[in-house]
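Dear colleague,

I am handing over the structure that we talked about, and I would be glad if you kept it open while you read. Below it I have written out what was found.

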Amino acid sequence: MHISVIGGGLVGVTTAWYLLEQGHSVTLIDRARELAAEASHANGAMLHASHTEPWNTPRAVGQLLRWIGREDSPLLLRPGEIPRLARWGLGFLRYSRSPHHVRNTAVNARLAVYSLQLMRALEAQLDIDYTQRHAGILKIFHSRAELDTAVASSELMADAGVRHETLTPAEVVAREPALGEVESALSGGIFYPDDACGDARVFCQRLGALAVERGLTLRLGETVQRLERRDGRIRAVETDLGRVEADAFVLATGAEAPRLARQAGVRLPIRPVKGYSATLPVAGLDSAPHLPIIDDARKVVITRLADQLRIAGTAEFAGYDTRVRPQRVATVLRQGLANFPALATAVDTSRIDRWACLRPMTMDGPPILGESGTAGLYLNTGAGHLGWTFAAGAGRIVADMISARPPGIDLTGLTLERYR
């Protein structure tokens with residue numbers, strides 16, 4: 001079959017790769033002029049089955065409401081977005097209840113473990129260098145209550161194969177000496193040995209180049225404007241540069257997916273949530289950490305990528321506003337460097353690369369994969385803050401469904417059917 005994938009980020013490129021492997025002819029369309037130009041460009045760089053909790057914890061919901069309009073808060077709800085969040089927000093609140101949240105954490109963990117296994121297989125098969133490291137991820141905590149909550153959540157994910165080790169503050173510093181300055185402020189940590197990190201943009205572009213060698217047709221700098229539906233089936237798409245026919249289409253456009261899906265009569269419970277990142281040079285700075293670190297209380301992740309340090313985080317509900325707001329980047333940077341006082345004074349802040357992107361967040365947490373309910377249209381969207389982690393697994397699952405192959409994992413809780 002000829003399949004057209006709409007979206008040139010991690011999710012779209014991995015889907016295209018697995019479709020090619022299964023013998024299909026594939027065309028990938030993206031509005032940007034290069035792959036990984038948007039949400040996959042400068043993300044947190046972590047491949048983590050350990051951080052798969054949906055964002056709508058009861059605690060996070062309370063914080064979001066308390067911090068409405070506060071520019072310096074890790075979670076920011078802009079007042080102008082409140083009317084547009086009404087229906088989605090009610091679902092977000094409903095799914096924050098404990099039974100739903102526990103179930104959806106397990107769903108995400110199942111997909112994440114599968115996806116990381118596929119990533120290892122791709123590395124072995126293709127020998128792609130994307131500054132990857134398989135040294136695990138360290139999550140740190142500043143209060144005993146936060147640590148106890150995270151340990152309980154980690155024990156739930158253990159059933160899906162997510163291994164973890166609870167650490168004292170001294171053991172945290174033994175793992176990552178750069179945290180020695182704040183040891184007295186820590187209540188402990190959790191180490192996840194099977195997690196990894198790497199440059200998502202580099203991976204996406206290099207896998208895309210290999211896919212082109214295998215026959216992928218790239219149509220970059222081309223915007224899909226309309227889905228053409230005839231006899232109840234999506235037959236083609238119209239772009240600003242022409243028309244593309246295919247036997248099936250995969251919608252992998254992240255936060256933009258609901259706009260196109262609506263043309264096919266498909267309503268997706270997804271809203272854009274903006275995240276920010278700052279990438280700074282740390283070559284020769286002994287005070288910079290080497291292990292990837294998650295500071296859950298501050299809503300930031302800190303990842304070493306060779307001679308650079310990536311600090312990413314925050315969740316901003318601001319609709320489709322893609323502006324990089326310097327104050328929000330400064331908040332991310334401040335929250336990340338709070339754990340490394342010596343580094344904060346040594347780093348050259350004039351050489352920081354600032355980035356913002358829109359993450360597609362479902363109201364319950366897991367992504368939406370597979371059939372859309374309209375013939376010829378498949379979905380691979382809604383991964384939220386886990387797009388890098390889910391990319392390989394989600395791409396393989398959607399490719400398997402198009403090829404009528406049995407998926408590698410149970411898809412309960414991962415399809416659009418769960419909302420019906």
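In this predicted model, R230 stands opposite R233, a residue of strand β11. Strand β11 covers residues 233-239, and it pairs with β10 in the antiparallel sense over 6 bridges. Both strands belong to an open sheet of 3 strands, whose order is β10-β11-β12 and whose pairing is antiparallel. Because β10 (224-230) and β12 (242-245) stand at the edges and have a single partner strand each, one side of each is left without a neighbour in the sheet. If you look along this sheet, you will find that neighbouring strands are turned against each other by 25 degrees on average, with direction ignored.

The side chain of H24 is joined to that of S403 by a polar contact of 2.7 Å. Leaving aside residues up to four places away in sequence, H24 touches M1, I3, L19 and S403.

The other residue, V113, lies in helix α4, which spans residues 98-126. With a relative accessible area of 17%, V113 is buried as well, because this value is also under the 20% limit. When residues up to four places away in sequence are not counted, V113 touches A49, A160, G161 and V162. From V113 to G136 there are 23 residues in sequence, while their C-alpha atoms are 13 Å apart in space.

Finally, here is the chain as a whole. It has 11 helices and 20 strands, and its C-alpha atoms fill a box of roughly 65 × 45 × 40 Å along the principal axes. For 420 residues, a compact globule would have a radius of gyration near 22 Å, and the 21 Å of this chain agrees with that. Buried residues make up 60% of the 420 residues. Of the contacts in the chain with a separation of 6 or more, 77% are between residues 24 or more positions apart. The chain exposes about 16300 Å², and carbon and sulfur atoms supply 50% of this area.

With kind regards

Definitions and conventions. Residues numbered from 1 in each chain as written. Predicted model: local features only at pLDDT ≥ 70, side-chain atom pairs only at ≥ 80, totals over all residues. Heavy atoms only, no water. Pairing = 2+ DSSP bridges. Helix = DSSP H or I, 4+ residues; strand = E, 2+ residues; numbered from the N terminus. Axes fitted to C-alpha atoms, helices over the stretch in contact; angles between N-to-C directions. Rg over C-alpha atoms; globule rule 2.2 N^0.38 Å. Buried < 20%, exposed > 50% of the residue type's maximum accessible area, 1.4 Å probe, protein only. Contact = heavy atoms within 4.5 Å. Areas by Shrake-Rupley, 256 points an atom, 1.4 Å probe, with all protein chains shown as cover. Polar contact = N/O pair within 3.5 Å; in protein donor to acceptor, adjacent residues only side chain to side chain.
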